[in-house]
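Work through the exercises below with the sequence and the model open. Each task is followed by its solution.

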Amino acid sequence: ASLQKVAMAVDFTWTLFSAFPVAFMVLGFAMLETGFCRAKNAVNVCMKNLWGAAGGALAFWVIGFALMWGGGIDGHEVVSREVGPAGWGLFGWSALFLSTGGAYDVQVYTTFLFQVVFCLTAVTIVSGAMAERTKFKAFAIYALIAAGVIYPVFGNWAWGGGFLGTDGIAKLVGANYADFAGSGVVHMVGGVMALVGARAVGARIGKFTDAGEPVAILGHSIPIATLGTIILWFGWFGFNAGSTLAATDLRISIIATNTFLAACAGTLGAMVYTWNKNGKSDPSMMLNGSLAGLVAVTAPCAYIPSWAAILIGLVAGVVVVISAGIVERRFKIDDPVGAISVHGTCGALGLLSVGLFADGQYGVTGLFYGNFNQLLAQIIGIVVLILWVYVTASVAFWILDKTVGLRATPEEESAGMDLSEHNLSAYPEH
């Protein structure tokens with residue numbers, strides 16, 4: 001019994017201490033997005049990230065956690081399990097305000113803290129894609145909707161006892177959707193919301209010529225963006241390795257190593273690809289290549305050997321550059337930080353990677369090791385995710401546009417969102 005108590009204390013401590021660097025990722029995103037945007041919008045970007053975290057966490061406390069985790073947690077019940085007919089759960093419904101259904105409990109509180117910081121990552125991805133022209137009020141309300149409803153419902157289907165992650169789809173295709181730390185649940189959800197938001201708000205003034213050709217609008221500080229990227233690298237150790245929810249699960253060493261190697265390989269992939277294409281390596285794409293590798297390894301990190309992590313990272317580093325070009329040139333969508341490609345496209349890549357590279361040593365086996373069913377489950381998960389998030393985010397942004405308005409006026413945008421929204425400049429001496 002005493003050994004069991006020690007193991008429980010170690011696992012609790014590990015989970016809580018893993019949540020802390022994930023919370024620190026809020027600063028990473030704020031710095032990354034600020035560096036990629038112009039100086040006149042730096043304050044606005046920072047405040048959107050701050051509110052995305054603060055407001056998003058409160059919405060998750062009120063209802064998001066209940067919707068996502070009210071159906072229990074894989075392997076151990078956390079709050080009363082309430083799912084639909086025959087186990088096909090669509091959402092949970094206990095632990096509202098972190099209070100109902102026996103939620104005032106040390107295990108539930110530990111789970112809440114770890115899960116809320118994941119939610120905030122998904123919410124804040126959107127601020128970069130919609131930066132430099134979106135009203136603060138519209139973003140503030142969006143953050144509450146995303147954290148309260150859009151993110152948690154898909155999260156329940158995948159992780160909280162819903163039909164993707166229990167025996168729901170396994171009854172149909174012989175495997176459950178597997179997404180170890182959230183390439184889909186967190187990143188792709190954020191990426192699809194970013195796609196919908198960037199389309200809804202429209203491109204920045206001057207982004208496209210009359211002929212529809214994209215014009216480069218340079219960010220004001222690659223050093224600040226680099227700071228943000230390295231902070232995100234650090235936060236990802238908590239993000240991925242912490243997702244064991246147990247320090248007694250010694251797989252954490254493999255997860256952490258795979259995470260780091262994928263980031264390095266993503267940097268290499270983007271560097272070599274842009275160097276070959278442009279004659280010089282592209283710093284902003286190298287930063288996004290790092291993040292693309294991290295996003296793509298987030299789902300498979302626990303299920304693969306190191307060579308696969310490096311291969312996934314390399315591919316992600318190239319894919320993110322190609323995807324960013326397609327988003328901008330073919331779809332005429334203005335994404336100042338590349339969030340749609342980093343989190344959306346490479347999130348999908350991560351989910352497919354599970355279905356291909358999982359080697360069976362940690363309970364999941366992919367196509368290259370003889371199991372086609374896993375790849376099928378991953379594809380179903382991707383389709384369900386896109387349908388749910390695209391539809392709900394489209395409705396949310398449409399309502400916001402018709403009520404408070406999404407877009408700043410041309411005069412406000414030209415002056416910069418710092419002055420028009422906050423009456424303050426990031427660099428007043430300039």
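**Exercise 1.** Find which helices the buried residues of helix 7 pack against.

Solution. The buried residues of helix 7 are in contact (heavy atoms within 4.5 Å) with helix 1 (2–36), helix 3 (106–129), helix 6 (183–201), helix 8 (252–278) and helix 9 (283–298). Helices here are DSSP runs of H or I with at least four residues, numbered from the N terminus. Buried means under 20% relative accessible area, exposed over 50%, and partly exposed in between, with a 1.4 Å probe and protein chains only. Among the buried residues of helix 7 are I231, L232, W233, W236 and F239.

The model is predicted: local features need pLDDT of at least 70, side-chain atom pairs count only at pLDDT 80 or more, and totals for chains, interfaces and linings use all residues. Residues are numbered from 1 along each chain as its sequence is written, and side-chain values use heavy atoms, with hydrogens and water left out.

**Exercise 2.** Describe the span, the bend and the N-terminal cap of helix 7.

Solution. Helix 7 covers residues 222–241, which is 20 residues. From first C-alpha to last, helix 7 reaches 29 Å, close to the expected 28 Å (1.5 Å times one less than the number of residues). At G235 helix 7 bends by about 30°, the angle between axes fitted to the seven residues ending there and the seven starting there. G235 is also one of the buried residues. At the N-terminal end, S221 is the cap: one of its side-chain oxygens lies 3.1 Å from the backbone nitrogen of I224.

Key: Helices (H or I, at least four residues) and strands (E, at least two) are DSSP runs, numbered from the N terminus. A polar contact is a pair of N or O atoms within 3.5 Å; within protein, one must be able to donate a hydrogen and the other to accept it, and residues adjacent in sequence count only if both atoms are side-chain atoms.
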